[in-house]
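Subject: Handing over the structure

Dear colleague,

I am passing this structure on to you, and I would be glad if you opened it before reading further. My notes on what was found follow below.

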Amino acid sequence: MKMSAPSLLPLFRSQLQGDLLALVLLHPDRSWTLTALAGELESSHTAVLREVDRLVGAEILSEERVGRTRVITARTDTVLYRPLCDLLLVTYGPMPRLSALLSDLDGVDEAYIYGSWAARHSGAPGPIPADIDVLVIGRPDPDELFDLAERASGELRRDVNVHRVTPEAWTSPSDEPFLTSVRERPLVRLQLREESRE
């Protein structure tokens, strides 16, 4: 099966490769097992294994064996690391960065990226998005949410627009134009760490 180049950054061979690189390189302090990567990326173990083997072979990622387990980390000691991180941050970076930031904010139940960035991530052709639209479901403090959006905008080098809705509004049937529009278009769910929000 021929895989098409991802719309967010057609330099990569697949969407999975871009997501994997962003996840690992933009978290250089973390280590990952193949099982953890597959779970986080919602992909098969086999597909993740293939990508990891290529990236370890290219010396972009490194691996260590702990018993029979392969532990994967970012290679931060190569000339490619910094420019590749910069490129990933402005293309694939919204998922890992927004997931991390929102995981640390009280009152967030769920969060999604919608709009043009979500459309590109889902494979729709078009230009690199100029901004990132985020739907936050829950009851976080509005001032803290505003500060988070400002911080994310600085890190991702583009405007991050956050729209907050209550869990009741999100789950109930509604003909409210904004929610109808969001539900009909691609949504990319952000992976929030449950333990950070309990």
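Is tryptophan 170 buried or exposed? Tryptophan 170 is buried, with a relative accessible area of 13%, where buried means under 20% relative accessible area, exposed means over 50%, and partly exposed lies in between, as computed with a 1.4 Å probe on protein chains only.

Before the rest, please keep in mind that this is a predicted model, in which local features need pLDDT of at least 70 and side-chain atom pairs count only at pLDDT 80 or more, while totals for chains, interfaces and linings use all residues. Residues are numbered from 1 along each chain as its sequence is written, and side-chain values use heavy atoms, with hydrogens and water left out.

The aromatic pairs

A pair of aromatic rings is described by the distance of the centres and the angle of the planes. Rings of Phe, Tyr and Trp (for Trp, its six-membered ring) pair if their centres lie within 6.5 Å, and planes under 30 degrees apart count as stacked, over 60 as edge-to-face and the rest as tilted. By this rule there are two aromatic pairs. In one of them the rings of tyrosine 112 and tryptophan 170 have centres 5.7 Å apart and planes at 35°, so the pair is tilted. Because tyrosine 112 lies in strand β4 (residues 108-114) and tryptophan 170 in helix α8 (residues 167-171), this pair ties together parts that are 58 residues apart in sequence. Helices (H or I, at least four residues) and strands (E, at least two) are DSSP runs, numbered from the N terminus. Tyrosine 112 also counts as buried, at 10% relative accessibility.

Tyrosine 114 and phenylalanine 178 form an aromatic pair that is edge-to-face, with 5.7 Å from centre to centre and 80° between the planes. Tyrosine 114 lies in strand β4 and phenylalanine 178 in helix α9 (residues 177-184), so the parts that this pair ties together are 64 residues apart in sequence. Tyrosine 114 is buried, at 13%, whereas phenylalanine 178 counts as partly exposed, at 21% relative accessibility.

Charges over rings

A charge sits over a ring if NZ of Lys or CZ of Arg is within 6 Å of the ring centre and within 35 degrees of the ring normal. The charged end of arginine 183 sits over the ring of tryptophan 170, 5.0 Å from its centre, and arginine 30 lies over the face of tryptophan 32, at 3.9 Å from the ring centre.

The sheet

Two strands pair if DSSP finds at least two bridges between them. An open sheet of three strands has the order β1-β3-β2, with antiparallel pairing. Here β1 (32-33) and β2 (61-66) stand at the edges, each with a single partner strand, so one side of each is left without a neighbour in the sheet. Two bridges join β1 to β3 (residues 69-74), and tryptophan 32 has isoleucine 72 in β3 as its bridge partner. Between β2 and β3 there are six bridges, also antiparallel, and glutamate 63 stands opposite isoleucine 72 in β3. These two strands, β2 and β3, form a hairpin with two residues between them, and glycine 67 in the turn has a positive phi of about 65°.

Loops

Most residues other than glycine have a negative phi, and most peptide bonds are trans. Glutamate 42 has a positive phi, near 50°; this residue is found in the loop between α2 (34-41) and α3 (45-57) and counts as exposed, at 64% relative accessibility. Arginine 157, which is not a glycine either, has a positive phi of about 60°; arginine 157 lies in the loop between α7 (142-156) and β6 (159-165) and is exposed, with a relative accessible area of 51%.

The nonpolar cores

A nonpolar core is a set of buried Ala, Val, Leu, Ile, Met, Phe, Trp, Tyr and Cys residues joined through side-chain atoms within 4.5 Å. The largest one has 49 residues, of which Leu25, Leu37, Leu88, Leu98 and Leu102 touch the most other members. Helix α1 (residues 15-25) gives the largest share of this core, seven residues. A second, separate core of eight residues includes Tyr112, Leu135, Val165 and Trp170.

With best wishes
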